[in-house]
Amino acid sequence: MLKIFLKYGLFCMGVCLSLCGHAEDGQPISREYQLKTAYLFHFAELAEWPEATAVTICLQGNNPIRTYLPVLNGQHIDNKAVRVKLGVPIAVEECQILFFSDLNALSATVLAQAQKYHVLLVSDADDFAQKGGMIQFTLRDNKLKLVVNLNSVKSAGLKLSSKLLRMAEILE
């Protein structure tokens, strides 16, 4: 059932979130963060780390995605269980994917640690990719889009599949 949910989430990437039409009942925010959660799982499937390990997805800060991330805990990618860590503070080296809720948390130290430990940095904060983050969620025309800073991804020794890159706006 979760796989169907996750695949549906990716399929819906280009689908309008209809944010204006459902603002009163909270559905758009819920749907937006469900999609972001599905994307994080697929980033784990579509990224390649220098060493094959189980994937730990971490959340730094307080973000509505916190509600949905636990559904990924225990899912499998290549017969390896996905783990989710929600907490403060999170040690960068414990994560393969680190989601930031706040742009201020993206420091030079964090970027250096991400490169050293091969951590995929993801956020929905404005200007995240421009400031050295790797994948940024952004809403444009009521659609969820991806911005990838390919230089940052390569600097961390990570590879993203062409399937993922075709869906994204690339910063080099």
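This is a predicted model: local features need pLDDT of at least 70, side-chain atom pairs count only at pLDDT 80 or more; totals for chains, interfaces and linings use all residues.
One disulfide is counted in the structure. The bond joins Cys-58 to Cys-95, with an S to S distance of 2.1 Å, which lies within the 2.5 Å taken as the limit for such a pair. Because the torsion about the S-S bond of Cys-58 and Cys-95 is about -105°, the disulfide is left-handed. Cys-58 belongs to strand β2, which spans residues 56-60, whereas Cys-95 is placed in the loop between β5 (83-86) and β6 (97-100), so the pair ties together parts that lie 37 residues apart in sequence.

In soluble globular proteins, nonpolar side chains tend to be buried together. In the present model, the largest nonpolar core comprises 48 residues, and the members with the most contacts inside this core are Phe-43, Ile-97, Leu-120 and Leu-121. At least two core residues are supplied by each of α2 (27-46), β2, β6, α3 (108-117), β7 (120-123), β8 (135-140), β9 (143-149) and α4 (150-155). Of the contributing elements, α2 gives the most, with eight residues.

The surroundings of Phe-43 were examined with its neighbours within four places in sequence left aside. On this basis, Phe-43 is in contact with Trp-49, Ile-97, Leu-120, Val-122, Ile-135, Phe-137, Leu-146 and Leu-164. Among these partners, Ile-97 and Leu-120 are also listed with Phe-43 as residues having the most contacts inside the core.

Definitions and conventions:
Residues are numbered from 1 along each chain as its sequence is written. Side-chain values use heavy atoms; hydrogens and water are left out. Helices (H or I, at least four residues) and strands (E, at least two) are DSSP runs, numbered from the N terminus. A nonpolar core is a set of buried Ala, Val, Leu, Ile, Met, Phe, Trp, Tyr and Cys residues joined through side-chain atoms within 4.5 Å. Buried means under 20% relative accessible area, exposed over 50%, partly exposed in between (1.4 Å probe, protein chains only). Contact means heavy atoms within 4.5 Å.
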